[in-house]
Structures are given as structure tokens and as C-alpha cells.
Amino acid sequence: RRAWFVSLAERRHMSLNNTNPFVSHFDCVVMLTFSDWKTEPRSNRYHYATRFSAHLPVVFVQPDLNKPETKFEKTETERVEILHVHSRYGNNQSTLLNRALLSRGFIKPLLWIYNPYFLDFVIHRYSPLKVYHATEDYFSPDHRLEDTFHNLLRQVLGQTDLLVAVSDLVLESYIHNGNYGNRAIVFRNGCDFRFWSPDNSEIQEIISHKAKGKVVLFQGGVNRRLDFDLLHQISKSLPDWEVWICGKLEPSCATHIRSFRNSNVKYLGYLDSDQVRALSYKATVGIIPFVQNHMIRVSLPLKAFEYVACGLPVVSVPIEALESYDGLFEF
């Protein structure tokens, strides 16, 4: 923590010497994830990685290899590299990660943690600052996670210098259910407004589509968070509208998607961010039709702000973190 919260005198000294205090304490950011950089939408991991890369190299760790090896892969973002590593967690994987970082000359990483299965690496790896990014309330029973996962997460939190939570209720859960007692802040999700927002010509396109179109759009993961019964009700109550769904399909939900055949619901498959953006300009309203439980109530979906940035009104199930944005969301 001393490495992060530098004294006022040091800050003045760094300012006089035109030195970035962030860069002076770290030589890279290592993001420990569950994710796939290439197939995951513009998530908070993407947002943080691309912003960190303006200051430091970012190593985006993906545990997706079948063999005990590592492989670096470039991304479309300068100074963000994927580090593929053996999917078996533990000491051997930590050794592989350390060797890979050393091969790049990195010895002072800022650890930015999402995946608690990297516990061995988090414990044994030197880092001036270890941050856990709480994007979900994994302690909620709605996630249906086993006690072994919760125990791993509590151990990682015990190694954490700073907890960053996306909402007040997520932070509250990690303190009470995760036994977290160190420094914590709430830093809410946003969106890449410059990417999603339309230019002047696209604004005219939006206006023309709104005048003649009746399209309900859901973009995001097609998984068990979706309330498929609610989607059926929406489609039946709006027979002269089309309901568009796009996103990566969880195999267990394929039957639900098939049930929409011969209806006004169209599943458009997985689309990249540019395709989702273009589709959003043709829609009339964006929806967040999730199951209504504690896990959803305390969440903060990125799609909410992406809809708004595309000029869409938004109708959502109740989500506490969105209630303070008066006029942007209907519940």
C-alpha cells in the first residue's frame, strides 16, 4: 500500500520531475481472468486493460492451454498482450507465469485479479499492489457456486490490498460474506462512449429508424440470467414488434432459443462490438430482461450504458445501481 499511496512530498517531487507515480511503482499490469479476450464483449476487463495500457504494458492472463506451457499473443490494442497459460492451477502454473513475465523483463507487476483460482500465484508473487475487482456478487446463492470457490475467494481477498467493487451492494457483500477488511472503493462500470455514440450522419439514421421501426433489442450473453418466460410475454404482448436477441449462446439455453421459432423473436447469434453497435442504431428500445433475484438486483450491467450511448431508451428489471440515473431507465 505504501507503494500506491505515496506521500504528498513524493507526489510534489514526482510532479517536478514530470514522473508518473503510477508508472514509477509498477512495470506492468497483470490481469488474472476467466476471460477470452477475443470473444468476450467490451467488458470491464476490456475497459480497464485498454486504459491501463496508456501508462503500462498489460498482460491479460487466460488459463486456456492444455499443456504446461505459456504463449504470448498480441491484441488489437497496443501494449495489451494475451498470455495463454496452462489451465491447471497451482504451483507449476505459477512457475510458468513467473517465467513468462521474466522473459518480458517484468518484475514489479500490479496484480488486477478477477479469478480466485490463481490463488497460488497471488500468494507467492511479489507485487507492490494486489487489487481484486468485484464485478459480481459471487457470494450470492443465485450464482450457485460451491463452497470451495467461496473459500478460494476469501483467501484471495485475504491477500488483497485494495478491493474495487462495481456497486455499493457488491462491496457490502464482500465485506460481510467475504470477510474482507482492507481498503475498498466503489468504482462503477461505465462504457466506451466514444465507440458507441453516433456521429451526425448516424443520428439521422437513428431518427429515421425510430420513425418507422418497432424493434426491441437485447444484447449480451444468452445464458441463465435471461428470463425467457418474460421474453415470451414481451413477444406476445407486442405482436407487431420484432424482438432481436444477440450474444454468445450458453449451450444449456439452446432449447429456450429454439422455443422462439415461428415467432417475432429473432436470435441473431454472436456479434462483435461493431455489429452490435450497428444493430443498436436500428432498434427502438433496449431491454434488460434478467431474472429478478438478488444477484441481478445488486449488479451493474454494462449494456445499460451502451444502450444509452447509442441513443436508446432502456427498460430493465429492477437494478439498484441504475435507480439513481433519473430519466435514463424505466424499470
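How much space lies in the largest cavity? About 40 Å³, in what is a predicted model.

**View 1. The largest cavity and the residues around it.** A search of the whole structure turns up one cavity of 30 Å³ or more, so there's a single spot to look at here, by the definition that a cavity is space where the probe fits but cannot get out. Trp 37, Glu 40, Pro 41, Ser 43, Arg 45, Tyr 46 and Phe 60 form the lining of the largest cavity. Sorted by class, that lining has four nonpolar residues, one polar and two charged.

**View 2. The second largest pocket, with about 380 Å³ of space.** Sixteen residues line this pocket, and those nearest its centre are Tyr 48, Phe 52, Trp 112, Val 164 and Phe 187. Which elements each supply at least two residues of the lining? They are α3 (44–52), β6 (129–134) and β7 (162–165). Helix α3 gives the largest share, four residues.

**View 3. An open sheet of six strands.** Read across the sheet, the order goes β11-β10-β9-β12-β13-β14, and the pairing is parallel. Out at the edges sit β11 (265–267) and β14 (329–330), each of which pairs on one side only. In general, strands of a sheet pair through backbone hydrogen bonds, either parallel or antiparallel.

**View 4. Strands β9 and β10, with a helix packed on the sheet.** Zooming in on one pair, β9 (residues 215–219) and β10 (residues 242–246) run parallel and are joined by five bridges. To get your bearings, find Leu 217, which stands opposite Trp 244 in β10. Helix α10 (residues 228–237) packs on the sheet and touches β10, β11 and β12 (285–288). The direction of α10 makes about 150° with that of β10.

**View 5. Cysteines without a disulfide.** Cys 246 is in no disulfide either. For Cys 246, the nearest cysteine sulfur is again that of Cys 310, 11 Å away.

Definitions and conventions: Residues numbered from 1 in each chain as written. Predicted model: local features only at pLDDT ≥ 70, side-chain atom pairs only at ≥ 80, totals over all residues. Heavy atoms only, no water. 1 Å grid on protein atoms, 1.4 Å probe; cavity = no way out; pocket = protein on both sides within 12 Å on 5 of 7 lines; lining within 4 Å. Points joined across faces, edges and corners; volume = space filled by probe spheres on them. Pairing = 2+ DSSP bridges. Contact = heavy atoms within 4.5 Å. Axes fitted to C-alpha atoms, helices over the stretch in contact; angles between N-to-C directions. Disulfide = S-S within 2.5 Å. Nonpolar A, V, L, I, M, F, W, Y, C, P; charged D, E, K, R; others polar.
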